[in-house]
Amino acid sequence: MQDLSNTQYFKIIQEAEPGVSEILAAVYEALAEKGYDPVSQIVGYIMSGDPTYITSHNNARSLIMKVERDELLEEALKYYIENKLQ
């Protein structure tokens, strides 16, 4: 019989959500695998907000929709500045 006088502890281990750069990398790879020009497709999505620019292959469309478009642009610009202008 269990001792019901003590409180049991239950801890949920949450998986870390992928960051913006990881999402961009996964989406880029999925687009390339399907034969699309990843840069053009991602730019089309950022400019229009239309998720059909992104393939559903490897869950890429769902992934990219987890991130705000301005965050995608910010990540790309930040990468460019850090790696091309310094």
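A helix here is a DSSP run of H or I at least four residues long, numbered from the N terminus. With that settled, a word on the source: this is a predicted model.

I will start with the surface. Tyr28, Val39, Val43 and Met47 make a nonpolar patch of about 420 Å². Which helix gives the most to the patch? That is α2, with three residues.

Is Met47 buried or exposed? Met47 has a relative accessible area of 68%, and the cut-off for exposed is over 50%, so Met47 counts as exposed. Tyr45 comes out at 6%, and buried means under 20%, so Tyr45 is buried.

What does Tyr45 touch? Setting aside neighbours within four places in sequence, its contacts include Asp50, Pro51, Tyr53 and Ile54, and also Ile64, Met65, Val67, Arg69 and Leu72. As for Lys78, 33 residues along the chain from Tyr45, the two C-alpha atoms are 19 Å apart.

Next, helix α1. It runs over residues 20-33, 14 residues in total, and spans 20 Å from first C-alpha to last, close to the 20 Å expected. Its buried residues are Ile23, Leu24, Val27, Ala30 and Leu31. These cover an arc of only 130° around the axis, so they sit on the same side of α1. In general, an α-helix has 3.6 residues a turn, so residues three or four places apart point the same way. The buried residues of α1 pack against α2 (38-48), α3 (60-64) and α4 (69-84).

Last item: just after α1, Gly35 has a positive phi of about 90°.

Notes: Residues numbered from 1 in each chain as written. Predicted model: local features only at pLDDT ≥ 70, side-chain atom pairs only at ≥ 80, totals over all residues. Heavy atoms only, no water. Helix = DSSP H or I, 4+ residues; strand = E, 2+ residues; numbered from the N terminus. Expected span 1.5 Å × (residues − 1). Buried < 20%, exposed > 50% of the residue type's maximum accessible area, 1.4 Å probe, protein only. Arc of directions from axis to C-beta. Contact = heavy atoms within 4.5 Å. Patch = residues over 30% accessible without salt bridge, like charges linked within 9 Å, V, L, I, M, F, W, Y side chains within 5 Å. Areas by Shrake-Rupley, 256 points an atom, 1.4 Å probe, with all protein chains shown as cover. Salt bridge = Lys/Arg side-chain N within 4 Å of Asp/Glu carboxyl O.
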